[in-house]
Amino acid sequence: MQYRILGKTGLKVSVLGFGCGAVGGLLVRGDHQTMVRAVEYAIEHGINYFDTARIYGDGKSETNLGLVLEELRTDVLVGTKVRLTAMNMQNIAQAIIDSVEGSLTRLRRDQIDLIQLHDRIWRCRQPEQGVVGINDIEPVVDIFQSLAEQGKVRFWGINGLGETQALHQVLSISDIHTIQTCYNLINPTAGMQVPQDFPFQDHQQLIDISAQNQVGVIAIRILAGGALSGTTRRHPVADASVSPIASGLHYEEDVQHSKKFGPIVEAGYANNMVEAAIRFSISKAEISTALVGVSSLEQLEQAVAYANKGPLSTDAISRLHDIWAGVAQ
Ligand SMILES: NC(=O)c1ccc[n+]([C@@H]2O[C@H](COP(=O)([O-])OP(=O)(O)OC[C@H]3O[C@@H](n4cnc5c(N)ncnc54)[C@H](OP(=O)(O)O)[C@@H]3O)[C@@H](O)[C@H]2O)c1
């Protein structure tokens, strides 16, 4: 397993991170023994960053991760998230403190390595849409900072989802340690220049700008929630329906779109689309860790094997640019 530095945190993180979200769902709906085996397998193979959130399975992901890590008597880096809602935006400080206390209890820890604001960021706050504004970030960072002084968290970050300009502005004005960015073959705009008329949200090199500011980058949705596997069939443990992030309107649309990348496999740059997608995500050197969500131990084993093959070749990346140019036409 390759390791990279997570921006200004200085933490050394595995290039493949374990996504404990509800989409893959293993840490939410899996059976306990499979969860234990998967987490153990991940650690044995060098994965040292586990990403969860209070809302994944309404606390189940944190609870299961806490139980499994305690059972394995092992120490890894754990990141979780706090989501502000229309209900609690009136008192951001209390909302964050309560959420962090709940996470600490569920995770069975005294300290969270990385606390992240889960909300999308727009120019102005839109409570009814669960969106925070640029002006909310400073107060949020202040509270994260005071929780760090109390030893409850070590580092803090934001979610790189929302309005592109707002996200760029936050990076230039706020003292944040990490950002989660959506980066995959369907929408690579956070780390690749694409032609005009590209059909999806343009994140305008959010990854590069983050890295320039020494903000550690955590890539999410590297398999577009599973769509890049090329099938609409979902694993029984997985979320039955997935809402795309920064790609097509529907999951089925993303599955169709994924077929456009077939030439990468046909040309022998990767053995299948999942391998191509995972290796594509880690080809971006500015990404510290790329999270994969899994429904089974087998999926995790494959993800580890693919990540260990390393980045895609420069020839493959230049072939991808041709495909993105075709998509933009
Ligand atoms: N900050 C945020 O707002 C945010 C948003 C999304 C995700 N995340 C984080 O990123 C993590 C990963 O994201 P995600 O789970 O949403 O999406 P993802 O990693 O892009 O996709 C996960 C899906 O990919 C499929 N898959 C995984 N390995 C496979 C394999 N070897 N072969 C075939 N298919 C495979 C599975 O689909 P099937 O189950 O159908 O087989 C799985 O459900 C999350 O767990 C979470 O930690 C954060």
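Among contacts in the chain between residues at least 6 apart in sequence, 73% join residues at least 24 apart, where contact denotes heavy atoms within 4.5 Å. The structure is a predicted model, in which local features require pLDDT of at least 70 and side-chain atom pairs count only at pLDDT 80 or more, whereas totals for chains, interfaces and linings use all residues. Residues are numbered from 1 along each chain as its sequence is written, and side-chain values use heavy atoms, with hydrogens and water left out.

The chain contains 12 helices and 12 strands; helices (H or I, at least four residues) and strands (E, at least two) are DSSP runs numbered from the N terminus. Its radius of gyration is 19 Å, close to the 20 Å given by the globule rule for 329 residues, so the chain is as compact as a globular protein of that length. The radius is taken over C-alpha atoms, and the rule is 2.2 Å times the number of residues to the power 0.38. Along the principal axes, the C-alpha atoms fill a box of roughly 55 × 45 × 35 Å.

Of the 329 residues, 58% count as buried, a class defined by a relative accessible area under 20%, with exposed meaning over 50% and partly exposed in between (1.4 Å probe, protein chains only). The accessible surface of the chain amounts to about 13,500 Å², and 46% of this surface belongs to carbon and sulfur atoms. These areas come from the Shrake-Rupley method with a 1.4 Å probe; for residues, only the protein chains shown count as cover. The side chains include 27 positive and 35 negative ones, and the centres of the two sets lie 3 Å apart. Lys and Arg count as positive and Asp and Glu as negative, without His and the chain ends; each charge is placed at NZ of Lys, CZ of Arg, CG of Asp or CD of Glu.

Helix H6 (residues 164-173) has Thr164, Ala166, Leu167, His168, Val170 and Leu171 among its buried residues. The cover over the buried residues of H6 includes strands S7 (120-122), S9 (153-159) and S10 (178-182), together with helices H5 (134-149) and H7 (206-212).

Ser103, in helix H4 (residues 92-107), is buried at 0% relative accessibility. Apart from neighbours within four places in sequence, Ser103 is in contact with Glu62, Thr80 and Ile112. Ser283, in helix H10 (residues 273-283), is partly exposed, with a relative accessible area of 25%. With neighbours within four places in sequence again set aside, Ser283 is in contact with Pro311, Leu312 and Ile317. Ser283 and Leu147 are 136 residues apart in sequence and 35 Å apart in space, C-alpha to C-alpha.

The structure holds zero disulfides, a disulfide being a pair of cysteine sulfur atoms within 2.5 Å. The sulfur of Cys20 is 18 Å from the closest cysteine sulfur, in Cys182, which is too far for a bond. Both residues are buried: Cys20 has 1% relative accessibility, and Cys182 likewise has 1%.

Most residues other than glycine have a negative phi. Asp197, although not a glycine, has a positive phi of about 70 degrees. Asp197 is placed in the loop between S10 and H7 and is exposed, with a relative accessible area of 65%. Gln214, also not a glycine, has a positive phi of about 60 degrees. Gln214 occupies the loop between H7 and strand S11 (216-220) and is exposed at a relative accessible area of 52%.
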